[in-house]
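User: I have just opened this structure and would like a guided walk through it. Could we begin with the side chains?

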Amino acid sequence: MAIRHQLIQRSPAAVWAVLADPERYGDWVVGPDKSSPIDRSWPETGARLRFTLRLGPWSGDGTTTVRHSEPCRELELEASFKALGSARIFLQLRPWGTGTLAICDEHPLRGLGGTLHNPATEVLLQLRHRGMLARLAKVVEQEDGVKVSHA
């Protein structure tokens, strides 16, 4: 299991505000270029969003489903992308002084990602989490609230 943490210099409510906005998903998650809600109830359990991955001229759509949600505390997602299968992404927010300790735990569930899961792919997940949590911190800590561009 790839588990990483990041101290974010804002309250759990401020971090949750970013996580609860389905159109900001692509701002903090490494990979997706853009996202849009399928269900208006995001981030309630069962709600879904659509995301687009781009790699050069190639692009494809995937879906993320909320499997568990406790506002300002926990968000558990299942991200699915066609043949690659799906992955569980669990984010936990813990108050830490005046900030928030964000903990991310991710592992493949189904499909090719699960079949090929090994110590080498675990290292890749750790690198992905490092980038994802740093991006989440950057988005949340921006005082002006302008969306982050991630080229």
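User: Which side chain does Glu78 meet in a salt bridge?

Analyst: The partner of Glu78 is Arg67, at 2.9 Å from N to O. A salt bridge here is a side-chain nitrogen of Lys or Arg within 4 Å of a carboxyl oxygen of Asp or Glu. Glu78 lies in strand β5 (residues 74-81) and Arg67 in strand β4 (residues 58-70), so the pair ties together parts that are 11 residues apart in sequence. Please note that this is a predicted model, in which local features need pLDDT of at least 70, side-chain atom pairs count only at pLDDT 80 or more, and totals for chains, interfaces and linings use all residues. Residues are numbered from 1 along each chain as its sequence is written, and side-chain values use heavy atoms, with hydrogens and water left out.

User: Is Glu78 buried or exposed?

Analyst: Glu78 counts as buried, at 7% relative accessibility, whereas Arg67 is partly exposed at 46%. Buried means under 20% relative accessible area, exposed over 50%, and partly exposed in between (1.4 Å probe, protein chains only).

User: What else does Glu78 touch?

Analyst: Leaving aside residues up to four places away in sequence, Glu78 touches Thr63, Thr64, Thr65, Arg67, Ser86, Ala87, Leu109 and Arg110. Contact means heavy atoms within 4.5 Å. The side chains of Glu78 and Arg67 also make a polar contact at 2.9 Å. That term covers a pair of N or O atoms within 3.5 Å; within protein, one must be able to donate a hydrogen and the other to accept it, and residues adjacent in sequence count only if both atoms are side-chain atoms.

User: How many salt bridges does the structure hold?

Analyst: The structure holds 6. One of them joins Arg48 and Asp39, at 2.9 Å from N to O. Arg48 is partly exposed, with a relative accessible area of 33%, and Asp39 is partly exposed too, with 21%. Arg73 forms a salt bridge with Glu70, where the closest N and O atoms are 3.3 Å apart. Glu70 counts as partly exposed at 29% relative accessibility.

User: Let us step back. How many helices and strands are there?

Analyst: The protein chain has 4 helices and 7 strands. Along the sequence they follow the pattern β-α-α-β-β-β-β-β-β-α-α. Helices (H or I, at least four residues) and strands (E, at least two) are DSSP runs, numbered from the N terminus.

User: And how do the strands β2 and β3 run?

Analyst: Strand β2 (residues 32-37) and strand β3 (residues 48-55) run antiparallel, joined by 5 bridges. Within this pairing, Ser35 stands opposite Phe51 in β3. Strands β3 and β4 also run antiparallel, with 8 bridges between them, and the bridge partner of Arg50 in β4 is Thr63. Two strands pair if DSSP finds at least two bridges between them.

User: What about the hairpin of β3 and β4: which residue takes a positive phi?

Analyst: Gly56 does, near 60°, in a hairpin with 2 residues between the strands. Cys72 has a positive phi of about 65° as well, although it is not a glycine. Cys72 lies in the loop between β4 and β5 and counts as partly exposed at 28% relative accessibility. Most residues other than glycine have a negative phi, and most peptide bonds are trans.

User: Where is the cis peptide bond?

Analyst: The bond from Trp42 to Pro43 is cis, with omega near 10°. Pro43 is found in the loop between β2 and β3.

User: Turning to the helices, which residues of α1 are buried?

Analyst: In helix α1 (residues 12-19), the buried residues are Pro12, Val15, Trp16, Val18 and Leu19. Seen down the axis of α1, they fall within an arc of 155°, so they line one face of the helix. The arc is that of the directions from the helix axis to the C-beta atoms.
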